[in-house]
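Reader: I'd like to learn how to read a fold like this one, feature by feature. Can you walk me through it?

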Amino acid sequence: MQPIPDTVTLAALPDGLAVRMIDQTLLPNCEQIIDLTTIPDLCEAIRMLRVRGAPAIGCAAACGVAMAAGRSGAGTLPALQAELGQVIDDLAATRPTAVNLFWALERMRGIVAAGSDAAALKQSLEAEARAI
């Protein structure tokens with residue numbers, strides 16, 4: 001028997017971080033793992049219920065913030081913080097009534113606001129996403 005894969009996780013790909021999840025719209029007939037590397041793709045996945053269940057949605061959003069930070073080309077801490085603020089707003093707009101989504105995003109927003117160094121911020125966001 002094969003082990004059950006994580007519903008949502010943060011995956012390290014050769015070109016950067018990705019949000020890896022089971023496409024739940026295909027269950028139970030097919031188990032397909034998808035790697036999302038952009039915030040628009042993750043937002044679409046949340047809106048289209050490719051990820052289901054309140055905890056999994058929160059995890060996906062947290063992983064998305066960490067993924068966006070890791071892939072960001074922002075040259076300064078203020079630019080990174082502004083970019084991630086928009087990412088958090090975009091993810092929040094996907095499911096305006098999802099309590100776990102907002103809980104996870106507020107945890108990530110607190111880390112973004114407290115950041116004092118871009119590289120350390122990226123590491124902190126990845127660690128927090130994995131903890132969530």
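Predicted model: local features only at pLDDT ≥ 70, side-chain atom pairs only at ≥ 80, totals over all residues.

Reader: Is Gln81 buried or exposed, or something in between?

Author: The scale goes like this: buried is under 20% relative accessible area, exposed is over 50%, and partly exposed is in between, using a 1.4 Å probe and protein chains only. Gln81 has 21% relative accessibility, so it counts as partly exposed.

Reader: And which residues is Gln81 in contact with, leaving aside its neighbours within four places in sequence?

Author: Contact means heavy atoms within 4.5 Å. By that test, Gln81 is in contact with Val112, Ala113, Gly115 and Leu121, once its neighbours within four places in sequence are set aside. Take Ala113: 32 residues separate it from Gln81 in sequence, yet their C-alpha atoms are 7.1 Å apart.

Reader: How do H3 and H4 pack?

Author: For this you need axes, which are lines fitted to C-alpha atoms, for helices over the stretch in contact; angles run from 0 to 180 degrees between N-to-C directions. Under 35 degrees is roughly parallel, over 145 roughly antiparallel, 65 to 115 roughly perpendicular, and the rest oblique. H3 and H4 have axes 10 Å apart and pack at about 175°, so H3 is roughly antiparallel to H4. The H3 side of the contact includes Gln81, Leu84 and Leu91, and the H4 side includes Leu101, Leu105 and Ala113.

Reader: What is that contact of H3 with H4 made of: how many nonpolar, polar and charged residues?

Author: Ala, Val, Leu, Ile, Met, Phe, Trp, Tyr, Cys and Pro count as nonpolar; Asp, Glu, Lys and Arg as charged; the others, Gly among them, as polar. The H3 and H4 contact divides into 10 nonpolar, 2 polar and 2 charged.

Reader: At what angle do H4 and H5 cross?

Author: The axes of H4 (residues 99-114) and H5 (residues 118-131) come within 10 Å and cross at roughly 160°. These two are therefore roughly antiparallel as well. Arg107, Met108, Ile111 and Val112 of H4 meet Leu121, Ser124, Leu125, Glu128 and Ala129 of H5. That set splits into 6 nonpolar, 1 polar and 2 charged.

Reader: What about the axes of H1 and H2: at what angle do they cross?

Author: Roughly 175°, with the axes coming within 10 Å, so H1 is roughly antiparallel to H2. Ile39, Leu42 and Ile46 of H1 touch Ile57, Ala60, Gly64, Met67 and Ala68 of H2. There you get 7 nonpolar, 1 polar and no charged residues.

Reader: Which residues touch the most other members of the largest nonpolar core?

Author: In soluble globular proteins, nonpolar side chains tend to be buried together. A nonpolar core is a set of buried Ala, Val, Leu, Ile, Met, Phe, Trp, Tyr and Cys residues joined through side-chain atoms within 4.5 Å. The largest one here has 42 residues, and Met21, Leu91 and Leu125 touch the most other members. Among the elements that each supply at least two residues are strands S1 (8-13), S2 (16-22) and S3 (33-36). H2 gives the most, with 11 residues. As for Leu91, its contacts beyond four places in sequence include Ile39, Cys43, Val65 and Leu105.

Terms used: Residues numbered from 1 in each chain as written. Heavy atoms only, no water. Helix = DSSP H or I, 4+ residues; strand = E, 2+ residues; numbered from the N terminus.
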